[in-house]
Amino acid sequence: MVSPTTCITDKRIVAPQDTVIILDDDQSIHGAWDRLFLNSAPSVKVMHFTQARECKEYIQSFEKPCHLFLLADYELIHQDLSGLDVIERTELIKSVLVTSYYENSSIVKQSILAGTKILPKSLISSIDIQALSDKTNEEELLAIQSDIDFLLIEDNRELADVLVY
């Protein structure tokens with residue numbers, strides 16, 4: 001069984017050239033993100049979407065998707081795509097699933113497979129947003145933004161399960 005704490009994030013790093021995309025059907029959440037970015041990274045461009053399809057189209061039309069950072073709500077009421085669907089279909093390098101369902105093992109597993117972290121919605125106001133300076137080069141940026149500290153490939157399923165636990 002996968003522990004939800006293995007994929008929960010408490011900080012995010014943004015570069016000056018990044019565009020932060022917020023996908024949520026709740027306007028109050030957009031306001032919370034605006035306040036957080038205004039205080040932590042005022043020079044970063046923030047785009048707001050309430051519709052998953054519009055968000056996905058915007059991402060797919062973006063010239064340099066490596067400069068996009070998606071914060072997507074899982075549950076989008078009366079829409080045929082979830083925030084996790086948008087993350088999976090756009091294959092963004094930088095994304096976080098923002099959800100109240102952070103303990104749902106199916107969502108946790110999907111998030112891990114999509115390569116994204118989870119942020120419980122109740123923790124939005126306490127996430128640590130770190131803005132990098134204009135002088136940070138691309139190599140340094142990639143090294144800083146990588147969440148991987150250690151990678152082990154194991155073909156023995158029982159050993160792999162023990163190591164994950």
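Is Cys66 buried, partly exposed or exposed? Select Cys66 to begin: its relative accessibility is 39%, so it counts as partly exposed (buried means under 20% relative accessible area, exposed over 50%, partly exposed in between, with a 1.4 Å probe and protein chains only). This is a predicted model, in which local features need pLDDT of at least 70 and side-chain atom pairs count only at pLDDT 80 or more, while totals for chains, interfaces and linings use all residues. Residues are numbered from 1 along each chain as its sequence is written, and side-chain values use heavy atoms, with hydrogens and water left out.

Next, select Cys55, which at 0% relative accessibility counts as buried. The structure holds zero disulfides (a disulfide being a pair of cysteine sulfur atoms within 2.5 Å).

Cys55 is also one of the residues that Leu70 touches, contact meaning heavy atoms within 4.5 Å. Select Leu70, in strand β4 (residues 68-73), where strands are DSSP runs of E of at least two residues and helices runs of H or I of at least four, numbered from the N terminus. Leu70 is buried, with a relative accessible area of 0%, and its C-alpha atom is separated by 5.9 Å from that of Val20, 50 residues apart along the chain. Not counting residues up to four places away in sequence, its contacts include Ile21, Leu23, Ile59, Val86 and Ile87.

Finally, from Ile87, select the contact between helices α3 and α4, made by Leu84, Ile87 and Glu88 of α3 and Ile107, Gln110, Ser111 and Ala114 of α4.
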